[in-house]
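I opened a new notebook page for this structure and set down, entry by entry, what I looked up.

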Amino acid sequence: MAPSVTSKSILKQSSSPSSANSLDRIRKVWFDSVEIKYYDIILGDNPAVSDGAPVTIDWKAHDEEVVDVDCYEVLRNSESSKRKDGSVSKISVQKRAALLLDYGYSIKDLAAMIEEIDEIKGMRAESATNKKWDRFNEVFESTGRTIRKLTGRKNTAIRNPAA
């Protein structure tokens with residue numbers, strides 16, 4: 001169960017004692033509560049995973065709760081796993097596999113997704129390599145068109161003798 005936090009608020013405005021100039025008014029916004037939604041962890045399809053099968057959360061929340069914002073802040077700030085630099089922690093390959101197996105996925109499901117992701121990664125690498133040649137190919141084709149125009153030759157396609 002991965003919690004997702006969304007804030008619901010009742011906006012309240014506070015202003016300084018009435019003054020002649022409306023720009024002198026100070027406005028504040030308060031959030032009364034935080035709505036926390038819980039989602040199941042499912043087998044993901046993001047090819048950016050470094051190794052193993054990716055995990056993601058399901059689209060549909062299976063549970064939710066509303067908590068006072070002050071209570072939520074106390075709990076959030078007391079988390080021992082919180083990173084000081086604000087970076088996202090990564091789940092190891094073994095933990096991801098164990099989570100997915102616990103949620104009912106088979107090793108075959110994980111292997112199929114890993115194979116699909118490896119294929120996508122390969123296509124992306126090939127695309128990145130081919131992109132290096134794109135500009136060269138453009139210049140080459142443009143030069144060929146220019147030469148054909150100058151010599152008066154038409155674009156002749158290579159004929160397939162077997163056809």
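**Salt bridges**

I began with Glu35, which is buried, with a relative accessible area of 6%. I kept in mind that the model is predicted, and that buried here means under 20% relative accessible area, so Glu35 falls within that class.

I then asked which side chain meets that of Glu35 in a salt bridge. The partner is Lys37, and the N to O distance is 3.8 Å. For Lys37 I noted a relative accessibility of 24%, which counts as partly exposed, whereas Glu35 is buried.

How many salt bridges does a search of the whole structure find? I noted two, and besides the pair of Lys37 and Glu35 I looked up Glu73 and Arg76, whose closest N and O atoms are 3.0 Å apart. Both Glu73 and Arg76 lie in helix α1, residues 69–77, where three residues, about one turn of the helix, separate them. Glu73 is partly exposed at 30% relative accessibility, and Arg76 is also partly exposed, with a relative accessible area of 36%.

Next I turned to strand β2, residues 33–43, and asked why it can be called largely enclosed by the rest of the structure. I found that eight of its 11 residues are buried, and therefore the description holds.

I also followed the pairing of β2 with strand β3, residues 55–68, and recorded that the two run antiparallel and are joined by 10 bridges. As one example I wrote down Ile41, whose bridge partner in β3 is Ile57.

**Nonpolar cores**

I looked up the largest nonpolar core and listed its seven residues as Leu43, Val49, Ala53, Leu100, Leu110, Met113 and Ile117. Helix α3 supplies the largest share of this core, namely three residues. Apart from it I noted another core, of six residues, which include Ile36, Val67, Val69 and Tyr72.

Going back to Ala53, I checked what it touches when residues up to four places away in sequence are not counted, and found Leu43, Arg96, Leu100, Leu110 and Ile114.

**A patch on the surface**

My last entry concerns the surface, where Trp133, Phe136 and Phe140 form a nonpolar patch with about 410 Å² of accessible area together. I placed Phe140 in helix α3, residues 107–151. Is Phe140 buried or exposed? I recorded a relative accessible area of 59% for Phe140, and because exposed means over 50%, Phe140 counts as exposed.

Conventions. Residues numbered from 1 in each chain as written. Predicted model: local features only at pLDDT ≥ 70, side-chain atom pairs only at ≥ 80, totals over all residues. Heavy atoms only, no water. Patch = residues over 30% accessible without salt bridge, like charges linked within 9 Å, V, L, I, M, F, W, Y side chains within 5 Å. Areas by Shrake-Rupley, 256 points an atom, 1.4 Å probe, with all protein chains shown as cover. Salt bridge = Lys/Arg side-chain N within 4 Å of Asp/Glu carboxyl O. Helix = DSSP H or I, 4+ residues; strand = E, 2+ residues; numbered from the N terminus. Buried < 20%, exposed > 50% of the residue type's maximum accessible area, 1.4 Å probe, protein only. Pairing = 2+ DSSP bridges. Core = buried A, V, L, I, M, F, W, Y, C linked by side-chain atoms within 4.5 Å. Contact = heavy atoms within 4.5 Å.
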